[in-house]
Amino acid sequence: LVSRETKKDDTIVDIKGIKVGGNNIVIIAGPCAIEDKEQYLETAVTLKRLGAHMLRGGAFKPRTSPYTFQGLAEEGLKIIAEAKELTEMPVVTEVLDTRDVELIARYCDVIQVGSRNMQNFVLLKEVGRSSLPVLLKRGLSATIEEWLMAAEYIMAEGNHNVILCERGIRTFETYTRNTLDISAIPAVKHLSHLPVIVDPSHAAGRWGMVGPLSRSAVAAGADGLLIEVHPEPELALCDGGQSLTPENFAKLMKEVRAVAAAV
Ligand code: PEP
Ligand code: MN
């Protein structure tokens with residue numbers, strides 16, 4: 001189902017009128033985690049003003065250490081749902097547990113399966129039975145073939161609205177958090193009809209590299225970007241080092257538009 005051979009034309013995933021795939025660049029932005037209601041709503045309004053199309057924010061966080069901030073759970077979902085009402089932008093959040101799929105569907109428009117769960121086949125099947133589009137991140141060390149087979153798990157359950165997201169892979173390089181695999185974009189476009197977006201924030205792990213990686217992703221044919229933005233990155237409870245300030249996000253939007261117009 002995932003293969004270009006079975007479907008020649010590009011799949012366009014329609015999220016409340018926002019079309020992912022085809023010829024447009026969809027920008028999804030927001031903090032790594034939803035931390036505080038007032039702060040999240042204010043950031044959401046700012047992101048809308050700066051041209052973002054969709055909002056992100058984690059309520060369930062897959063943290064490396066069990067002692068760091070784990071997310072606000074349902075309280076966070078209520079906040080993101082309020083931001084969606086306020087801005088009229090669709091929202092995406094990550095699911096960690098099959099038991100939360102229905103809960104998330106009550107509040108959000110897109111369900112994210114994170115890198116760490118790319119081969120959680122039970123979870124893939126569960127989101128495959130959901131009516132919501134799925135944003136499927138590439139696993140930390142997954143090959144393109146493994147990533148596409150993970151999408152196949154979702155589609156085999158009947159949910160064909162899958163958006164792939166390249167977010168960097170583990171390599172021997174340690175300067176960046178991960179290594180952004182730009183070649184994954186044309187490779188996926190060749191092998192599959194599904195849209196592919198890029199998350200330069202988790203790839204770089206450094207906010208200063210988010211701009212250059214975004215520009216290269218768009219130039220290479222990505223259908224959109226997933227960008228972490230925080231009003232006060234140095235105070236962020238999660239991933240502050242890779243988060244753009246709203247000012248830097250505004251700059252990025254300008255650069256991305258210029259590249260999109262040129263390709
Ligand atoms: C995230 O988007 O917040 C996240 C945890 O990303 P990844 O699964 O790519 O690490
Ligand atoms: Mn993050």
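This is a predicted model: local features need pLDDT of at least 70, side-chain atom pairs count only at pLDDT 80 or more; totals for chains, interfaces and linings use all residues.
The largest nonpolar core of the model holds 68 residues. Within this core, Leu136, Trp147, Leu164 and Phe249 touch the most other members. Helix α5, which spans residues 144–156, gives the most to the core, with seven residues. Leaving aside residues up to four places away in sequence, Leu136 is in contact with Val113, Met118, Leu124, Trp147, Ala150, Ala151, Ile154, Val162, Ile163, Leu164 and Cys165. Another core lies apart from the largest one and has 14 residues, including Val13, Ile15, Val92 and Leu226.

Two helices, α1 (residues 37–49) and α2 (residues 74–87), pack against each other at an angle of about 35°. Their axes are 9 Å apart, and the crossing of α1 past α2 is right-handed. On the α1 side the contact is made by Lys37, Tyr40, Leu41, Ala44, Val45 and Lys48. These residues meet Ile79, Ile80, Glu82, Ala83, Leu86 and Thr87 on the α2 side. By type, the residues of the contact between α1 and α2 comprise eight nonpolar, one polar and three charged.

The manganese ion (ligand 2) is coordinated through four residues: Cys32 by SG, His202 by NE2, Glu228 by OE and Asp239 by OD. The distances are 2.0 to 2.3 Å. Along the chain, the donors of the manganese ion (ligand 2) follow the spacing C-x169-H-x25-E-x10-D. His202 and Asp239 link distant parts of the chain, 37 residues apart. His202 belongs to helix α7 (residues 200–204), whereas Asp239 is in the loop between β10 (224–228) and α9 (246–262). His202 counts as buried because its relative accessible area is 8%, under the 20% cut-off.

The loop between β10 and α9 also contains Pro231. Pro231 is partly exposed, with a relative accessibility of 32%. Apart from residues up to four places away in sequence, Pro231 touches Gln39, Thr43 and Pro246. The C-alpha atoms of Pro231 and Val13 are separated by 30 Å, and the two residues are 218 apart along the chain.

Two residues other than glycine have a positive phi. For Lys16 the angle is near 50°, and for Glu88 it is near 60°. Most residues other than glycine have a negative phi. Lys16 sits in the loop between β1 (13–15) and β2 (18–20). With a relative accessible area of 63%, Lys16 is exposed. Glu88 is in the loop between α2 and β5 (91–95). Glu88 is likewise exposed, its relative accessible area being 68%.

Val198 is part of strand β9, residues 196–198. Its relative accessible area is 0%, so Val198 is buried. The contacts of Val198, not counting residues up to four places away in sequence, are Cys165, Glu166, Leu180, Ile185, Ala217, Ala222, Gly224, Leu225 and Leu226. One of these, Leu226, is also a member of the core of 14 residues. Val198 and Ile182 are 16 residues apart along the chain, and 8.8 Å separates their C-alpha atoms.

Arg138 occupies the loop between β7 (134–137) and α5. Although arginine counts as charged, Arg138 is buried, at 4% relative accessibility. Beyond residues up to four places away in sequence, Arg138 touches Ser115, Met118, Thr143, Ile144, Trp147, Cys165, Glu166, Arg167, Ile169, Asp181 and Ala184. Among them, Met118, Trp147 and Cys165 are also touched by Leu136.

Ala105 is placed in helix α3, which covers residues 101–107. Ala105 has 32% relative accessibility and therefore counts as partly exposed, since this value falls between the 20% and 50% cut-offs. Ala105 and Arg56 are 49 residues apart in sequence, and their C-alpha atoms are 14 Å apart in space.

Terms used. Residues are numbered from 1 along each chain as its sequence is written. Chains are lettered from A and ligands numbered from 1 in the order in which they are written. Side-chain values use heavy atoms; hydrogens and water are left out. A nonpolar core is a set of buried Ala, Val, Leu, Ile, Met, Phe, Trp, Tyr and Cys residues joined through side-chain atoms within 4.5 Å. Buried means under 20% relative accessible area, exposed over 50%, partly exposed in between (1.4 Å probe, protein chains only). Helices (H or I, at least four residues) and strands (E, at least two) are DSSP runs, numbered from the N terminus. Contact means heavy atoms within 4.5 Å. Axes are lines fitted to C-alpha atoms, for helices over the stretch in contact, and angles run from 0 to 180 degrees between N-to-C directions. A crossing is left-handed if the near helix is turned anticlockwise from the far one by less than a right angle, and right-handed if clockwise. Donors are N, O and S atoms within 2.8 Å of the metal (3.2 Å for Na, K and Ca); water is not among the atoms, so sites may look incomplete.
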